[in-house]
Amino acid sequence: MPLISSLLFSIALVLAVTLGPQTRAWSWGPALFFLIGSLATSIPSLIQGKRQLSLAHLVLFVITALWFAGRAWGSPVGELARADLMLLTATVSSFVVVSTFTQNKASEGVFVWTLAILVAASSLVIAKQVQDPSFAPIFSNRPAQLPSGFYGHYNEGANFLLGTSFLLAGFALFGTYSKINRWAWGAIAIAGLAAVYFTRSRGAILGVGVGAIAFTFFSLIIAKPANRRWFAPAAVLLPVLL
């Protein structure tokens with residue numbers, strides 16, 4: 001069941017990245033359809049308690065979700081409130097699904113490789129758009145001419161690469177997978193972060209810098225008790241890395 005849930009979630013993620021962010025309401029339908037299927041197939045694992053969530057994490061997430069729901073419910077702008085509630089629903093569903101299949105290595109591997117393929121594909125699309133600003137891989141046009149990958153707007157494309165690239169970097173550095181997988185994910189993560197620069201999104205470029213500092217700092221904290229061989233030279237080179 002976790003593998004089926006992971007496959008459906010990965011399909012939803014692909015559809016969300018390629019079809020969803022085009023400022024057309026209908027384009028989110030296919031991704032939400034598969035997300036619902038992924039959520040349904042994850043319920044048995046959720047009932048059996050097969051998840052890696054501490055009580056503190058769960059309580060924090062519930063409080064945060066309720067706060068956002070309350071703010072949306074009391075919003076004076078109904079259309080924006082409904083959009084935020086749909087986003088919150090998708091976020092909660094994704095949280096539940098991922099928390100149930102990440103302890104299954106095969107299921108987690110499908111999810112990570114889906115992220116890697118999407119980051120690599122988005123980076124290639126951005127490389128194409130640097131040469132040809134009018135290039136749009138799915139729809140015939142884009143609202144902005146700056147490179148944006150599969151997204152309609154360069155800020156959204158940059159933000160997607162920013163988050164997923166650092167997530168891939170974490171799996172590459174600390175994942176319990178073969179070296180081939182981890183080296184591939186690391187290379188794709190670097191390519192994704194480099195592609196952020198070409199979107200010209202100032203916020204995302206700043207995010208890469210801040211994220212690199214945070215990633216370096218917390219990687220060293222994790223590496224020490226894990227007895228990683230690269231901890232000592234990385235600690236010495238910390239000022240350079242920052």
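This is a predicted model: local features need pLDDT of at least 70, side-chain atom pairs count only at pLDDT 80 or more; totals for chains, interfaces and linings use all residues.
The chain contains 10 helices and zero strands, and from the N terminus on its elements accordingly read α-α-α-α-α-α-α-α-α-α. Taken along the principal axes, the C-alpha atoms fill a box of roughly 55 × 50 × 35 Å. The radius of gyration of the chain is 19 Å, which agrees with the value near 18 Å that a compact globule of 242 residues would have. Among the contacts with a separation of 6 or more, 66% are made by residues 24 or more positions apart. The accessible surface of the chain comes to about 13,900 Å², and 72% of this surface belongs to carbon and sulfur atoms, while buried residues make up 38% of the 242 residues.

In soluble globular proteins, nonpolar side chains tend to be buried together. The largest nonpolar core of the chain has 36 residues, and those with the most contacts inside it are Val-17, Phe-111, Leu-161, Leu-168 and Trp-185. At least two residues of this core are supplied by each of helix H1 (2–18), helix H4 (78–101), H5, helix H6 (154–174), H7 and H8, and the largest share, nine residues, comes from H6. When residues up to four places away in sequence are not counted, Trp-185 touches Val-112, Trp-113, Ala-116, Leu-168, Phe-171, Ala-172 and Tyr-177; one of these, Leu-168, is itself listed with Trp-185 among the core residues with the most contacts.

Ser-122 has its place in helix H5, which spans residues 105–131. The relative accessibility of Ser-122 is 2%, and because buried means under 20%, Ser-122 counts as buried. Leaving aside residues up to four places away in sequence, Ser-122 touches Gly-149, Phe-150, Phe-160 and Leu-161, and Leu-161 is one of the residues with the most contacts inside the largest nonpolar core.

A further local feature concerns the backbone. Most residues other than glycine have a negative phi. Arg-200, although not a glycine, has a positive phi of about 65°, and this residue lies in the loop between helix H7 (179–199) and helix H8 (202–223). With a relative accessibility of 42%, Arg-200 counts as partly exposed, because that class lies between the limits of 20% and 50%.

Terms used. Residues are numbered from 1 along each chain as its sequence is written. Side-chain values use heavy atoms; hydrogens and water are left out. Helices (H or I, at least four residues) and strands (E, at least two) are DSSP runs, numbered from the N terminus. Buried means under 20% relative accessible area, exposed over 50%, partly exposed in between (1.4 Å probe, protein chains only). Contact means heavy atoms within 4.5 Å. The radius of gyration is taken over C-alpha atoms; the globule rule is 2.2 Å times the number of residues to the power 0.38. Accessible areas come from the Shrake-Rupley method with a 1.4 Å probe; for residues, only the protein chains shown count as cover. A nonpolar core is a set of buried Ala, Val, Leu, Ile, Met, Phe, Trp, Tyr and Cys residues joined through side-chain atoms within 4.5 Å.
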